[in-house]
Amino acid sequence: MEIIAEIRSEDPARPLAKLLAMPLGIDVWEVKSDRLVVRAAEHTMDRLRKMGYRINPIVDVSRHLEIFAAADSMAGYHSVATLEADMRDLAARHPNLAELKEIGRSIEGRPILALRLGERRGNATKVLFMGCHHAREWIAVEVPFLLARELLEKSNDQKIASWLSSGEIWIAPMVNPDGHEFCRTQNRLWRKNRRRNPDGSFGVDPNRNYGYMWGVLDVPTSSHVPSDETYVGPRAFSEPETRAVRDLVARENFAGLITYHSFSQLVLYPWGYTSDNIADPVDFHVMNAMAQQMCNSILGVHGKVYTPQKSSQLYPTAGDTTDWTYGTYGIPSFTVELRPTTVQEGGFILPANQIGPTFEENRAAAFNLIEGLISAPSAARSAAERAVMAGRDRLSAASFATGGSPGLETRPATEIIIDGAVIRVPQGADAHTIAETVRAVRAAKH
Ligand code: 0X9
Ligand code: ZN
């Protein structure tokens with residue numbers, strides 16, 4: 001029998017990090033500084049107990065499914081078929097602004113679909129949103145789909161109209177349709193795609209199969225064992241699902257992207273494969289600032305706390321989407337882990353009544369990213385450049401807002417943290433004002 005349990009360690013000689021470096025075949029659900037939550041067979045939990053870890057069972061997997069995966073909890077979420085119908089319908093109702101594209105086919109031959117939104121075809125600034133690399137993360141289908149619907153249905157809004165006339169927004173809500181279908185009909189906790197592996201097991205983790213530093217780790221969260229939940233595959237881009245994304249990104253020259261996952265309420269940026277910061281300090285500050293700003297926007301909508309951090313701070317992975325898009329193309333790349341934060345709230349099975357609010361808060365963050373990349377593409381970068389030059393490594397986090405979207409989102413004041421002190425700058429301050437504030441604060445301190 002499989003259970004979901006919390007693992008703690010009081011013994012400094014036996015840190016939790018050590019567990020994340022052992023080949024254990026566990027499915028890691030939550031990672032906090034003082035505890036892990038994992039799904040594993042009872043005999044694996046016994047093994048961990050014998051190694052000296054404290055195991056507190058939370059719930060049997062079967063009971064968890066009874067509580068959260070009842071038939072009515074499906075209502076409100078798309079299947080492969082209803083998503084395709086709804087994407088077709090959106091494109092058909094907005095022929096001047098939307099185009100439905102097949103970007104590739106899955107292992108089982110299902111189309112992987114994307115909506116291209118925008119008036120222009122050609123050299124516009126382009127932003128990409130993707131969902132559902134992982135089959136069981138159904139909310140990660142709904143958020144990008146609802147974003148596409150919103151952008152089309154509210155295309156008369158001044159801000160949206162300007163994005164769609166000067167830019168392009170690409171939205172692929174379901175990168176892993178085979179996995180999603182299998183999850184919906186056979187096994188609600190299925191994660192990977194449906195590749196048949198040579199050892200008879202099924203599935204490669206699409207979010208370990210991208211070609212930047214692919215395969216350099218072999219740990220439970222990024223594994224070379226085919227039956228593991230995080231199997232990296234036999235080689236980079238061995239899977240048609242990741243090849244579809246690879247070819248799209250190679251063709252379209254995106255200025256930045258979000259890939260949606262669940263759960264934990266995080267906004268992650270590279271690297272995942274190493275605990276090092278990315279080498280370019282300006283890129284680091286830009287992504288850190290954008291992640292912070294997105295979390296601020298989210299907080300302002302329903303008060304939910306999402307935390308910005310480096311991917312590796314969650315756990316190490318090699319070959320994830322954003323390491324590849326940043327590592328290969330140098331573009332701002334974010335993994336957003338959606339609601340909830342705990343297993344007790346459903347974990348991967350988010351109650352359908354939270355689709356609406358989860359979308360609303362993430363609409364604010366997505367608009368923030370689009371605005372920064374399409375309307376003010378160089379402001380964040382040049383402000384960060386100046387701030388990095390002024391503060392070098394002491395500037396630990398910064399947020400550079402460049403104007404709001406009235407009526408579309410709640411935008412808290414911009415915060416800059418210098419030497420541990422939080423400085424507030426006026427809402428809507430431009431890059432120059434922010435850089436001046438940074439300089440003045442630093443001059444006063446020294
Ligand atoms: O493990 C993943 O692929 C993502 N988490 S999930 O629970 N949705 O599976 C996180 C990917 C971000 N990269 C790293 N944490 N290194
Ligand atoms: Zn995921």
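Me: Is helix H5 largely enclosed by the rest of the structure, or exposed?
Reply: In this predicted model, 11 of the 15 residues of H5 are buried, so the helix is largely enclosed by the rest of the structure.

Me: Which residues of H5 are buried?
Reply: The buried set consists of Ile139, Ala140, Val141, Glu142, Val143, Pro144, Phe145, Leu146, Leu147, Ala148 and Leu151.

Me: Turning to H4, which of its residues are buried?
Reply: They are Leu83, Met87, Leu90 and Ala91. These residues cover an arc of only 95 degrees around the axis, which puts them on the same side of H4.

Me: Why would residues three or four places apart point the same way?
Reply: An α-helix has 3.6 residues a turn, so residues at that spacing point the same way.

Me: What do the buried residues of H4 pack against?
Reply: Their partners are strand S5 (98-105), strand S6 (111-117) and H5.

Me: And which exposed residues are on the face turned away from the buried side of H4?
Reply: That face carries Ala81, Thr82, Ala85, Asp89, Ala92 and Arg93.

Me: On to the largest nonpolar core: which residues touch the most other members?
Reply: Val127 and Ile171 do, in a core of 82 residues. Helix H12 (residues 355-375) contributes the largest share of this core, 10 residues.

Me: What is Ile171 in contact with, leaving aside neighbours within four places in sequence?
Reply: Ile171 is in contact with Ala114, Leu115, Leu117, Phe129, Pro144, Leu147 and Ala148. Of these, Pro144, Leu147 and Ala148 are also listed among the buried residues of H5.

Me: What about a second core?
Reply: A separate core of 15 residues includes Ile4, Leu19, Trp29 and Leu36.

Me: Now the ligand. How many residues surround ligand 1, and which are closest?
Reply: Ligand 1 is surrounded by 15 residues, the closest being Asn207, His261, Gly272, Ser311 and Thr317. The shell divides into four nonpolar, eight polar and three charged residues.

Me: Which element gives the most to that shell?
Reply: H10 does, with three residues. Helix H10 (311-314) and strand S12 (333-338) each supply at least two.

Me: What is phi for Ser264 and for Gln265?
Reply: Phi is near 140 degrees for Ser264 and about 60 degrees for Gln265. Most residues other than glycine have a negative phi.

Me: Last topic: what does Ala352 touch, not counting residues up to four places away in sequence?
Reply: Ala352 touches Ser73, Ala75, Gly76 and Tyr77. Ala352 and Ala75 are 277 residues apart in sequence and 7.0 Å apart in space, C-alpha to C-alpha. With 16 C-beta neighbours inside 10 Å, Ala352 counts as partly exposed.

How values were computed. Residues numbered from 1 in each chain as written. Chains lettered and ligands numbered in written order. Predicted model: local features only at pLDDT ≥ 70, side-chain atom pairs only at ≥ 80, totals over all residues. Near = placed C-beta within 6 Å. Helix = DSSP H or I, 4+ residues; strand = E, 2+ residues; numbered from the N terminus. Nonpolar A, V, L, I, M, F, W, Y, C, P; charged D, E, K, R; others polar. Buried ≥ 20, exposed ≤ 12 C-beta atoms within 10 Å, placed from the backbone. Core = buried A, V, L, I, M, F, W, Y, C linked by C-beta atoms within 7 Å. Contact = placed C-beta atoms within 7 Å. Arc of directions from axis to C-beta.
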